[in-house]
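Notebook open, model loaded. I want to look up how some of the strands pair up.

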Amino acid sequence: MIHSLFLINASGDIFLEKHWKSVVSRSVCDYFFEAQERATEPENVPPVIPTPHHYLISVLRHHIYFVAVIQSEVPPLFVIEFLHRVVDTFQDYFGVCTEAAIKDNVVVVYELLEEMLDNGFPLATESNILKELIKPPTILRTMVNTITGSTNVGEQLPTGQLSVVPWRRTGVKYTNNEAYFDVVEEIDAIIDKSGSTITAEIQGVIDACVKLTGMPDLTLSFMNPRLLDDVSFHPCVRFKRWEAERILSFIPPDGNFRLLSYHVSSQNLVAIPVYVKHNITFREGSSQGRFDLTLGPKQTMGKAVESVLVSSQLPRGVLNANLNPSQGTYTFDPVTKLLTWDVGKINPQKLPSLKGTMSLQAGASKPDENPTINIQFKIQQMAISGLKVNRLDMYGEKYKPFKGIKYMTKAGKFQAGLPDKWTLEYIKTELLHKEIRIN
Amino acid sequence: MSASSAFNDEKGGSSSVGEPEYGHDPASGGIFSSDYKRHDDLKEMLDSNKDSLKLEAMKRIVAMIARGKNASDLFPAVVKNVACKNIEVKKLVYVYLVRYAEEQQDLALLSISTFQRGLKDPNQLIRASALRVLSSIRVTIIVPIMMLAIKEAASDMSPYVRKTAAHAIPKLYSLDPEQKDQLIEVIEKLLADKTTLVAGSVVMAFEEVCPERIDLIHKNYRKLCNLLIDVEEWGQVVIINMLTRYARTQFLNPNINESLLEEGGSGDKTFYGSDEDEDEDEEEKEKKAEVAAMAKRKPYVMDPDHRLLLRNTKPLLQSRNAAVVMAVAQLYFHLAPKAEVGVIAKALVRLLRSHSEVQYVVLQNVATMSIKRRGMFEPYLKSFYIRSTDPTQIKVLKLEVLTNLANETNISTILREFQTYIKSMDKDFVAATIQAIGRCATNISEVRDTCLNGLVQLLSNRDELVVAESVVVIKKLLQMQPEKHSDIIKHMAKLTDNIQVPMARASILWLIGEYCEHVPKIAPDVLRKMAKSFTNEEDIVKLQIINLAAKLYLTNSKQTKLLTQYVLNLAKYDQNYDIRDRARFIRQLIVPTEKSGALSKYAKKLFLALKPAPVLESPFKDRDHFQLGSLSHLLNAKAGGYQELPDWPEAAPDPSVRNVEVPEWTKCSSREKRKEKKVEKPFYTDSEGESGPTESADSESDSATGSESSSGSEESGSGSESEESKEASESEEEEEEEEEEEKKKKKKDLKKPVQESESEQSSEEEERKHQRKSKPRKSESESESDEDEESESESSQSESEDSESEAEVKKKKKPAESKPPPKPVKKESKKEKKEMSLLDLDDFEPAPSPQVTPVNTFLSNSLVTDLEGLSLSDSVLSPATIAPSSTLKSYELLHRITGEGLSVEYCFSRQPFSPDANMVAVQMQFTNNASSDTKNLHIEDVKLQSGMRVKEFPEIELLPAGETATAVMGIDFCDSTQAANFQLCTHTRKFFVSIQPPVGELMRPVFLTENEFKKEQGQLMGMNEITEKLTLDVKCRNEHTIVQRVTTAANLSRVPCGSDKECRFAGRTVTSGSLVLVTVATKEEGAAQLTVNCEKMVIGTMLVKDILQALTQ
């Protein structure tokens, strides 16, 4: 399956290579570099590149390309998914997955890669198992190891490898038994200029941090499970129970994990928590443009909209912007033409606005793009879909755990300011109107 | 390596500009230093006694390897540490070895013995990692060692080691493909493994080594389906992909029938479809009509195994692993009935939220699917809307999907979307959008004019690329109805002054030339302008100018004659020979000269023929002949190792091959069925290596058909009826079995199209009636195909799963019950054989070697019993009267082929081994099948677990060709089932062989009285006692048979007993002399209880398993 792996940094250096079968010369990466040159943006490098004798499958994470070399038919998603799992594992071990972190821990990285694949086929990818085999480096452990000469490598087969619950190791003990769940929802929306929603959908995840002794068996039930249109589970969740009763029943992994990700479809009415009013105009012949943008809360169920950040890619012709925010601060990068406005919290009484003028390149023709506006925000203690956890029960162990559930809503890909609805036929009429206005 | 290191140096040089060398990087602490002199101190560190120094050195070396630096000169220093106690050092040495062993083969051999020792380690992790490294060392010399290690590990107690063995199979295969046959045997054995841990890996090995041996899957199919959900994610992907292929060869196309209903749907399509679509539909309709006609004759019923697969994979759509979801999606796309395919859309749309690489792959697949099954994704149209933040390649793919999904109801929304995309700053994307608009316009005639107008508007766009792309698309659209759009052509003619993009200019010129009759005034003028700029144009434009000139010359020679001459003259001296050639050709063709040939008469026809409108179709059309989700599909080219997805078979192969129990030959009544069986024959002969069952099957079915013909051949219905009545009388039987029956009946329905339709229908009706009456359950299982019932039927499924094993046991009893005694005796015994060979592959079976030859022994066994049964000898017959030699099972030690003519079999003679009482006597039989004599047969290089001992047999000095010799050797197995490995040497060759004892041979009989037995048993209670309930095999319900079977399984002696309900046996283990007491207490109707008391618990548990098996079959 996976023959070799090369890690390539942003400047095109191969800084790590690992081979699971016979050695593949690193010159195979030349094909990758070629493709990279052809692609205008880093993310436009095709994930699958055929070369005369091999196929290169790559993912880009944290500005590092993970390039897997394969030789024969294999589902591409298999490799891609695995590479992402590798990155997740690195992140889990080193906190960050940067070039520096990988170079610093090159031995651990190598040991990990050795355990994760055997002959190119995944062997152990469950983080619990890996952590028993190879202990994550911490400063304390490194010190102890240098003094006592003990190692980072486990000598016994991790219990998870053989059990029916490979994600949980046996003999877990805590003095404080706690189980916390975060329900985090992201809204993806496209809103047109007039404020009506083109598409909106909610992606939610339930991230858990479970520190419980022994082998607890948890069930989590919702007040309104029908809301969930589409779900994907951590392998620990019992499918059949969900199918039959809409209850999440599982033996949790130890520590942090993503229990569930779900989707609330665009068919359901999605409440949009903020609205944007904006008016950006350029005039033919004039070197000035007007910029006017107002934000306001909408359907937030009384919760405050926080950490609002507005960003917009202004047209290339804009030289500078001279704006006046009613709150927060704004920056405009004249090189990338990126306008960002850090609004902070929205006060429903006094709506934040950003007004002013933009100066254009003299003599340049009127920019025709309608800049899109991306908005980020957070709302604490609310899941915008209305999803509510009903109860969490524990079986199989005697003690009483601390339980907690937190809700949060975030903006995902939230775009506003696309042009109004029109069909191709309207173009003519609109062009006419504009001409009339100008005249 | 030298090439790559050269490359490294180069790279290093270039990187020093932008990037600091690692050596100077303070963070890496000099680890990456490339100074070769430092290798000396690394060597020193490796030679030191301190583990910490060694570790430090190894870490540096591994860092060098990671960096791609050559560290091969350290090989001797590193390989010395392979046996280091420190596990981290050891692991790093392994890493090093695997990397460089191929380059330094001789030195690498030094390490082999360490791994061989590791293979025997009590710690399973060490065993597994020893096997991993051993199999990763790509040195051809050690192939036999690897083979042996793999075979051994395949029957290891630890599933983890077995998994590693499965991983090692493809490694060995890639090293030496000639081992294929042996490896297939191991694969076959591992496929029968019941643990989820092994399943994924062994299927992977199967796919790499012998994907064509689909017959190996039959017996494991249901098990794999049922295990699937518990297999780890990566294994799931591989298994699902393999099962997709399997299902395509074994089941019928579930959509045969639905083509009838579909008719309405396809009518729909023609409504908005374009011309070429219609053509296709015509064809399709014809095909469908045919298929439908076929379907009418032959109602489709889904094979329950097919349903099982679909049902068990469905929950995996909820997996967090995108690869699993994709695998299930492709399985549904390729295998599911049309009505059910829809479920995958949601899951695939969910994947679009993942990383962009995942999106890329998923969108490719969705694009292919959306061509065939547009309806599936229509509800999710908005999910494919493009965001400005998407990478271009994602945008283009989404555009592709949107275009595929467009129909006359949603086209306005889609066009509105496209409208916004055109304003994007990403020019490649804009170009793709314009093409997409063009495709929508060709496919949906209602919006053709709207699109055309829109595109014409784009001609005044400031961006030249946009204009150029529009021109190209407009050109294609205009070709459909040129007469309506002469003003557009005029408009485009004007554009020639401004547009510089060659492709666009060429397109415009072609258009004007093609439709010069619609714009008679403008065309000559355009030619005039072009003639002026001819020399400065690009080649494609020049060609089109010549083209235009030629066409104008033919239609309007008065005005353009001179211009054409001029253009042709210019072209004559062009630098490009294509253009020169073209000019010469055209001159000859159109300008009439006295010499001009016959062709010039047809010039007009040649140039001004009506050209068919171009077909704007998706690049993803017809990609679905590749298995979706595969690399080949993504690249639209066959990748190495890609397995074609076969077409559905015309008629389903025999489903009974998947039955894990013995196929019930007696049931097959129709001639067709018999034929199929015959086709299947090679499978049995292949895998079992015996022709017994097939022969008997043939004779059986012969007799069956005979009986049927006597009852009247025209009534096939009556046959099935009688069967039904039989079934009804056996109503107390397990449900599972009834379902099985039902399957067969359904199959029979399928097989009867040849019969008169009338009688067919009636019999079917009867069957229906019968089904409804006889069990309410049936209706449920019939409606299984309904999606709504899914959960219900699922629960019933799981129920039946639980009872499966039980049912199996019962089923095995059945044939014996229903058969008249005298004739089938032989047949039964043969069946027996088969069962045994299947179950031999059981998890805990000590599994001596795959080539166990149970044939003789079992045949003789059952013959013995049968004969005894006939002679009505009384049951007090002591076990001693059964001659041990007749019940001895012989095992193969060395096969004739591997032994180059020398074959060796061994058996446990159960005689005391005189030189040493603590040894088990192993009797070996040497046969020299070669044409030459074999000399000096002896044993060498004995490798044993600690504590084990071997007493070799005296050297056989000469074994003439064709002769047979026997010898006895003694092995002290230390009361364990560990194998004894040694080399069997002749004067020319050495063979690695191993002897592994079944647990029953590790003991010798002792004689106890009833009281002694009870006393000893009383002392071995609690942990030392293992009790198991069982149901005795039908043939094994008399005391005598029980005694006989137990003593066959284990070397024990009978203890006299007052009660006839109990049989007692006693023995001592050979080495330690621990007592082994066995009690079999029989109850009513074959129920029994087996108790084993033994101080050695491991022996006890294994013995229980063996005896259990002996008694229940």
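I started with chain B and found an open sheet of four strands in the order 6-4-8-9, with antiparallel pairing. Strand 6 (956-959) and strand 9 (990-995) of chain B sit at the edges with a single partner strand each, so one side of each has no neighbour in the sheet. From one strand to the next, the twist averages 35°.

For my own record, the terms: strands (E, at least two residues) are DSSP runs, numbered from the N terminus, and two of them pair if DSSP finds at least two bridges between them. Axes are lines fitted to C-alpha atoms, and angles run from 0 to 180 degrees between N-to-C directions.

This is a predicted model, where local features need pLDDT of at least 70 and side-chain atom pairs count only at pLDDT 80 or more, while totals for chains, interfaces and linings use all residues. Residues are numbered from 1 along each chain as its sequence is written, chains are lettered from A and ligands numbered from 1 in the order written, and side-chain values use heavy atoms, leaving out hydrogens and water.

H938(B) has C985(B) of strand 8 as its bridge partner.

Next, chain A. Which strands does strand 10 of chain A run antiparallel to? I found strand 22 (residues 389-395), joined by six bridges, and strand 12 (residues 247-250), joined by four. T219(A) stands opposite D393(A) in strand 22, and L218(A) faces F250(A) in strand 12.
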